[in-house]
Amino acid sequence: MIYFDTDYMAGAAPEIIERLAATNLEETTGYGTDPYTARAKELLAGACGLDLANGAQVRFLVGGTQTNATVLDALLSRHEGVLAAETGHIAVHESGAIEACGHKVLTLPSHSGKVEALEVEAFISEFYKDETYEHMVAPGALYISFPTEYGTLYSLSELERLSGVCRKWNIPLFCDGARLGYALASPKNDVTLPDLARLCDVFYIGGTKVGALFGEAVVASNGALLPHFTSLTKQHGGLLAKGRLLGLQFETLFTDGLYERLASNGVRLALKLKAGFVAAGFMPFIDSYTNQQFFCLPNSLIDRLRQVASFEYWGPRGEQESKVRFVCSWATTEESVDCLLSQL
């Protein structure tokens, strides 16, 4: 079998395994107070154009859902909810993790996975025009993901407009970057890490899906937005005692361009897969230029492909045809894509 289910099926990049093995018997202090984590924080802050000495923060957590829940719990007051696209990960595929923290997800229309600044503005404006707004859940933050659940990208101008709306209404803009590496590697992308640091109040750089065994790196240009974050992370079960395992992985990822190389592999092969399907007459139902590709295929073809390849339905199976998703990753091989395309 060849696998296109998701981008965290393989273990970790060999460079990370080698560093973990080489430092395995070293003894360091816990909870991210070790030298490897300190070095990783400096590397990531530098890549984002930030200075830790001037109030920026970089923190490490284990997984995406945990990171979303912990960060939003830190950003929101008890009476506030978070705006998100109706297709957003926190609204659909996190089992109510945000609501379990006491914060409602306030959904907006999804435009190929994205939210539009005008609709964010309209929602907040209409909320405060209502004389009974103090009896309602207030929009306290905006959540986006880059890339989106559909592999689509916000342009720099779209991010600037969203950031402008958030700053007008004094709510933080939080970007889920679980697949951020694949967005940055896309040929259609015009956003950089310094752009994200400038326009988003908090975002994170995903490692779990981009070559790490596990781990997400939270970046805040203004660390004051995340007060007592260590305590809150511990409340959410996210404070890893062996914190150096996180720091060491991100130090490795952000040395010698490894993160970029790993992400580029996933995007390049996903676009090759896409081109092969298009050449065979199957058009994507979402035009993604990242590592996720979406097609509506005849069930007969799906059944035949699934004899050699594993991939996910994107929703319920239809009567004659169904929507499916193929995901390439840092670990996907040329041979796997060629094998899949040969079945067409």
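Me: By class, how many nonpolar, polar and charged residues are in the lining of the largest cavity?
Reply: Six nonpolar, four polar and two charged. Ala, Val, Leu, Ile, Met, Phe, Trp, Tyr, Cys and Pro count as nonpolar, Asp, Glu, Lys and Arg as charged, the others, Gly among them, as polar. This is a predicted model: local features need pLDDT of at least 70, side-chain atom pairs 80 or more, while totals for chains, interfaces and linings use all residues. Numbering starts from 1 along each chain as its sequence is written, and side-chain values use heavy atoms, without hydrogens or water.

Me: How much space lies in the largest cavity?
Reply: Rolling a probe the size of a water molecule over the atoms shows where empty space is left. A cavity is a set of points on a 1 Å grid over the protein atoms alone where a 1.4 Å probe fits but cannot get out; lining residues have an atom within 4 Å of a point. Here the largest cavity holds about 60 Å³. Its lining includes Lys114, Glu149 and Tyr154. Strand S5 gives the largest share, three residues.

Me: What span does helix H2 reach?
Reply: The expected span is 1.5 Å times one less than the number of residues. H2 (35-47) reaches 18 Å, close to the 18 Å expected. At its start, a side-chain oxygen of aspartate 34 comes within 3.0 Å of the backbone nitrogen of tyrosine 36. Just after H2, glycine 49 has a positive phi of about 75°.

Me: Which residues of H2 are buried?
Reply: Buried means under 20% relative accessible area (1.4 Å probe, protein chains only). Tyr36, Thr37, Ala40, Leu43, Leu44 and Ala45 qualify.

How values were computed. Helix = DSSP H or I, 4+ residues; strand = E, 2+ residues; numbered from the N terminus. Buried < 20%, exposed > 50% of the residue type's maximum accessible area, 1.4 Å probe, protein only. Polar contact = N/O pair within 3.5 Å; in protein donor to acceptor, adjacent residues only side chain to side chain. 1 Å grid on protein atoms, 1.4 Å probe; cavity = no way out; pocket = protein on both sides within 12 Å on 5 of 7 lines; lining within 4 Å. Points joined across faces, edges and corners; volume = space filled by probe spheres on them.
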